[in-house]
Amino acid sequence: MRKYSVFAVAREAMRGHRGWEAQWTSPEPRKEYDVIIIGAGGHGLGTAYYLAKEHGITNIAVLEKGWLGGGNTGRNTTIIRSNYLYDESAGIYDHALKLWDGLSQDLNYNVMYSARGVMMLSHNVHDQQVFKRHIHANRLNGIDNEWLTPEQAQEFCPPLDISRTARYPINGAALQRRGGTARHDAVAWGYARAAADRGVHIIQNCEVTGIRRNPDGSVAGVDTNRGQINAKKVGVVAAGHTSVLMEMAGVRMPLVSYPLQALVSEPIKPIFPCVVMSNTVHAYISQSDKGELVIGAGTDQYSSYSQTGGLQIITHTLDAICELFPIFRRMKMMRSWGGIVDVTPDRSPILAKTPVQGLYVNCGWGTGGFKATPGSANVFAHTIANDAPHKINAPFTLERFRSGRLIDEAAAAAVAH
Amino acid sequence: MLLIYCPYCEEERSELEFRQAGDAHIARPTNMTEMTDEDFEAFFFLRDNVKGLTFERWRHLNGCGRFFNAARDTVSDKFLTTYKAGLPRPDLGTLRPATEATVETYEATESDAK
């Protein structure tokens, strides 16, 4: 792999950009690998990368039924934060946030992580009490989060309407300054390039149709539309389709899949300096480096695999955005799309071993998995390599729904999640 | 937005009037205090989360307020039929379920392209 640097840019500029090589290869699948990862999104590719980098396992295939980064990795609103209430969640999301800081250098790929601040608006007394509780809990866990008055909130985000006559008046905000955004495609591409450089096979257009088992019940490999591929360890990192894949191994999951929509506006000059979220009226918004406003809507109310969603869900979010930021009322929306998110009963992820020996699962990120990509991949690689969880993901088991040790972020976390 | 036929009101109404209410044809256990943790987990937390034809409960919340059952394809979101609560699963043999090939979702068009 040729290193990307300012000198490489200069060198290629001198010779008509003919020397750039493909970022990853597309090899034919081997008959057998040490580890198979199902799903080439950020979490899956990252898992392969950390397995190769930190655990010395390079005989890995990442199988993807569509194209690399074409699932939820390429469909989210790119928001990064770690201000979760419970200790377990704080542990895993802040592990991710620490890895975001430095990820571009680690991968030699600009993932455009921008710590521009994530501000969560409070509209009523209940919001204020909940956010202040979050702030104190976060600080005890060493995570930055602070309370802003409405005036301070507007100073941090000038387009915000804080007038008392607003449809959704604002009585304060919680701000995590280390939160922000990153370029989601670049995260998938960066992990793919760095993993491929260490010998990982990335095989696209390869759909897993079955999970093979040995007579003793342990995993033997997978059936795909490109033939049988053997492996002693298989990691399922398939977001909305996790239930479908796990069913192939006879494991029922505590998951329901919903469509989640997002949309972007026409590109405009820089106007929006941070990320703003509002639980109560359900809106979140930021501006991409390309200039588009990136807006996240809620999930549809019924389960579906359709990768689209109801127009009324988007309209509801835009109503709220226009009330909070009257300046955007005349803007045109350019594109909208949906992804399928897998939601657990307690709205916390599952990163764990399964009842099937050699089968591991990383799922249940619901509506907020992108922010966790590096942390999730890092501890999931540890879990696969050692056949035992890292202490950070030890609480995120599949068995917690039997024992009752839930990590109930359902009510605690932000925005429908 | 979907149009859903309420078997009690006997008319199609907008999706906005309805709420999905989980899987249909699940008998609530009567001996919950004696169940093993495994059985309770299977009843309370685990879901089939079917991709394709599924039977589920809906409620006409902002209408007659009653619960009914529906057979729906979760890939196309097409309702194959709805029927009153308490009735057995209908025979869908005569109804042809929608498949990915008949629906213009991203998934369907992508697999066509392949």
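**Entry 1: the interface**

I began with the area that chain A and chain B bury between them, which comes to about 2,700 Å², with 47% of it on carbon and sulfur atoms. I keep in mind throughout that this is a predicted model. The size of an interface is often given as the accessible area lost when the parts come together. Looking next at which residues touch, I found that 29 residues of chain A are in contact with 29 residues of chain B.

I then looked up the charged and polar pairs, and the rule finds 3 salt bridges across the interface of chain A and chain B, along with 17 residue pairs in polar contact. On the side of chain A that touches chain B, at least two residues each are supplied by helix 8 (242-248), strand 12 (256-265), strand 16 (333-343) and helix 11 (400-403). I also noted a salt bridge between the side chains of A:Arg402 and B:Glu38, with a distance of 3.8 Å from N to O.

**Entry 2: chain B**

Chain B has 114 residues, and 36% of them count as buried. For its accessible surface I noted about 6,800 Å², of which 48% belongs to carbon and sulfur atoms. Among the contacts in chain B with a separation of 6 or more, 43% come from residues 24 or more positions apart.

In soluble globular proteins, nonpolar side chains tend to be buried together. With that in mind I looked up the largest nonpolar core, which has 50 residues, and in which A:Leu45 and A:Trp100 touch the most other members. Several elements of chain A give two or more residues to this core, including strand 1 (32-38), helix 2 (42-55), helix 3 (87-100) and helix 10 (373-386). Helix 7 of chain A gives the most, with 8 residues.

Which residues does A:Trp100 contact, leaving aside its neighbours within four places in sequence? I listed A:Ile80, A:Val111, A:Tyr113, A:Ala182, A:Val187, A:Phe370, A:Lys371, A:Thr373 and A:Pro374. I also recorded a second, separate core of 31 residues, with A:Val222, A:Ala238, A:Leu255 and A:Leu398 among them.

Why does A:Asn393 count as buried? Its relative accessibility is 0%, and therefore it falls under the 20% cut-off. I located A:Asn393 in the loop between helix 10 and helix 11 of chain A. Its side chain is joined to that of A:Thr383 by a polar contact of 2.9 Å, and the side chain of A:Asn393 also reaches the backbone nitrogen of A:His390 at 2.8 Å. Not counting residues up to four places away in sequence, A:Asn393 touches A:Ile92, A:Leu351, A:Val379 and A:Thr383.

I then turned to A:Gln261, which is found in strand 12 of chain A. A:Gln261 counts as buried because its relative accessibility is 4%, where the cut-off is under 20%. The side chain of A:Gln261 reaches the backbone oxygen of A:Gly310 at 2.9 Å. Leaving aside neighbours within four places in sequence, I found A:Gln261 in contact with residues including A:Gly296, A:Ala297, A:Asp300, A:Gly310, A:Ile313 and A:Trp337.

Key
Residues numbered from 1 in each chain as written. Chains lettered and ligands numbered in written order. Predicted model: local features only at pLDDT ≥ 70, side-chain atom pairs only at ≥ 80, totals over all residues. Heavy atoms only, no water. Buried < 20%, exposed > 50% of the residue type's maximum accessible area, 1.4 Å probe, protein only. Contact = heavy atoms within 4.5 Å. Areas by Shrake-Rupley, 256 points an atom, 1.4 Å probe, with all protein chains shown as cover. Core = buried A, V, L, I, M, F, W, Y, C linked by side-chain atoms within 4.5 Å. Helix = DSSP H or I, 4+ residues; strand = E, 2+ residues; numbered from the N terminus. Buried area = accessible area lost by both parts, 1.4 Å probe. Salt bridge = Lys/Arg side-chain N within 4 Å of Asp/Glu carboxyl O. Polar contact = N/O pair within 3.5 Å; in protein donor to acceptor, adjacent residues only side chain to side chain.
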